[in-house]
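Please open the model in your viewer and keep the sequence panel beside it, so that each selection can be found in both places.

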Amino acid sequence: MSIRLTVLYLMVAGVSIYAWKDWFKSLCGLILVMAIIHHEDMPANMFGIQGFNVWNIMFLSISLAWLVNRSRTGSTWDMPRHVSILLLLYLMVIVVGFLRAVADRSYIEWYPLKNLISEELINTIKWVLPGILLFDGCRTRKHVVIALVCLLAMYLLLSAQVVKRMPWESALGGTDAGIQHERLSVCEDIGYSSCDMSTLLAGASWGALAVLPLVPRRKHQLLVLGGAGVIAFGQALTGGRAGYVAWGVTGFVLCLLKWRKYLLLIPLLVILLPILLPGVTERMLYGFGKTDASGQVTRDDYEMTSGRNLIWPHVIEKIGESPVIGHGRMAMNRTGLTEFLGQTYGAAEAFPHPHNMYLETLLDNGILGSIPIWLFWGMMLVYAGMLFRSANHLYAAVGGLALALMLAQLIAGVGSQHFYPRESTLCLWAAMLLMLRVGVEETRAQEVLQNRSAWDDSFAR
């Protein structure tokens, strides 16, 4: 066994044991591990046992410690009832879609049942659970601040890996096939696809700026600004065009909601971006300005959408075959659509999913199953927006981070992403549920003030 693996296993043992003393801090450490979960030194499993890996071991120990602590302290579950119902319905949609896939495995006979259970059920719901523990554990301002710092640190660690490994030419100039291949390769080596990496860093860069009012000292504010800059530059290096659009639109929405004076900087940004980051601009305009055989300048829809323009009409047609309840999980494969696209457009276009999170949920779950998912996300957006506009700096910081991450996910979702929880969205779910905890505490504080005011008025009379 190598020294690195020995150190890693000792760290796992240390965090797992410490969880029985302070499970909350161990949970925050687990969140940080998401930055290196697929690092080349991180074993996919231990002793060749599927599912027996570093992350799962730590999470199991933390979960058990949390359960014991809850029974000992008598903590009550105070998530608002309507949120709990929508979250349960959300997870139920995932379970029902999975069961439909198990019952009808057409075109996925090659996919072993144990892998189907592991990946499409356990490893889907699993990524929501740390956020639920975070919601239950953040009972003090100190805990909220620790969780907020850990979430931002995870994104900073990811972006630092991108900045270190990715050739800066991918942002500073050049869009040839070699650079694009290297972008994809570097992101995969870190553990996330370039689309996922671009999306999650797009939201995190704005989320870091939302924390600035929480930092009183100038030197600390400069550190936060530097961190936001590193995250933004890392996002620029990924080459994910959906993430680029998400970054721009997310920033615009945040400015409309609270930072209106910065709207004046948009024309300056439009002018400076092609100068400072020509590679980003070239990547964004990829597919435009093509010259056809007659010498006319035109656009290439295929290159602009990376082939999505070919598959979306077929996906919409398939949705129309069962618009109410959909076709169940992995519908793109199970309906034969992936195979059909491969035969029609070539193996390179055998898309395993629609590359559009809205079409995917309609295809899999239909309108009936998509409604609770959309309601949940809409409700979280409203709550995050209200907190972001709060005069309380901590509320605004947590709300701003959650709002930025959600907006980036939903906007980039037009060209990629999923409503299904994935490892790339663990910190997004954690931020949403942290925001919900802060919202619950803010509501509770308002009720106390109202009750005190009512008591004072009664006493005065």
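Begin by selecting E321, which at 52% relative accessibility counts as exposed (exposed means over 50% relative accessible area, buried under 20% and partly exposed in between, with a 1.4 Å probe and protein chains only). The term salt bridge stands here for a side-chain nitrogen of Lys or Arg within 4 Å of a carboxyl oxygen of Asp or Glu.

Before going on, note that this is a predicted model, in which local features need pLDDT of at least 70 and side-chain atom pairs count only at pLDDT 80 or more, while totals for chains, interfaces and linings use all residues. Residues are numbered from 1 along each chain as its sequence is written, and side-chain values use heavy atoms, with hydrogens and water left out.

**Salt bridges**

A search of the whole structure finds 12 salt bridges. Select R437 and D78 next, a pair whose closest N and O atoms are 2.8 Å apart.

Now move to R139 and D136, whose side chains meet in a salt bridge of 2.7 Å, N to O. R139 is partly exposed, with a relative accessible area of 33%, while D136 counts as buried at 4%. If you then select R70, D78, D136, R139, R437, E441 and R444 together, you have one network, joined by salt bridges that share partners.

**Aromatic rings**

A pair of aromatic rings is described by the distance of the centres and the angle of the planes. Rings of Phe, Tyr and Trp (its six-membered ring) pair if their centres lie within 6.5 Å, and planes under 30 degrees apart count as stacked, over 60 as edge-to-face and the rest as tilted. By this rule the count comes to 14 aromatic pairs. Select W110 and Y111 to see a stacked pair, with 5.4 Å from centre to centre and 25 degrees between the planes.

Next, select Y90, Y358, F376, W377, F419 and W429, which form one aromatic cluster. Then select K126 and W127, where the charged end of K126 sits over the ring of W127, 4.4 Å from its centre. For a charge to sit over a ring, NZ of Lys or CZ of Arg must be within 6 Å of the ring centre and within 35 degrees of the ring normal.

**Cavities**

Rolling a probe the size of a water molecule over the atoms shows where empty space is left. On a 1 Å grid over the protein atoms alone, a cavity is a set of points where a 1.4 Å probe fits but cannot get out, and lining residues have an atom within 4 Å of a point. A volume is the space filled by probe spheres set on the points, with grid points joined across faces, edges and corners.

The structure holds two cavities of 30 Å³ or more. About 80 Å³ of space lies in the largest cavity, and its lining can be shown by selecting Y155, D196, T199, L200, L405, Q409, Q417, S424, T425 and L428. The elements that give two or more residues to this lining are α10 and α20 (393-412).

The second largest cavity has a volume of about 50 Å³. To end the tour, select M34, M154, Y155, L158, Y192, L200, E423, S424, L426 and C427, which line the second largest cavity. Here α7 and α21 give two or more residues each, and α7 gives the most, with three residues.

How values were computed
On a 1 Å grid over the protein atoms alone, a cavity is a set of points where a 1.4 Å probe fits but cannot get out, and a pocket is an open set with protein on both sides within 12 Å along at least five of seven lines; lining residues have an atom within 4 Å of a point. Helices (H or I, at least four residues) and strands (E, at least two) are DSSP runs, numbered from the N terminus.
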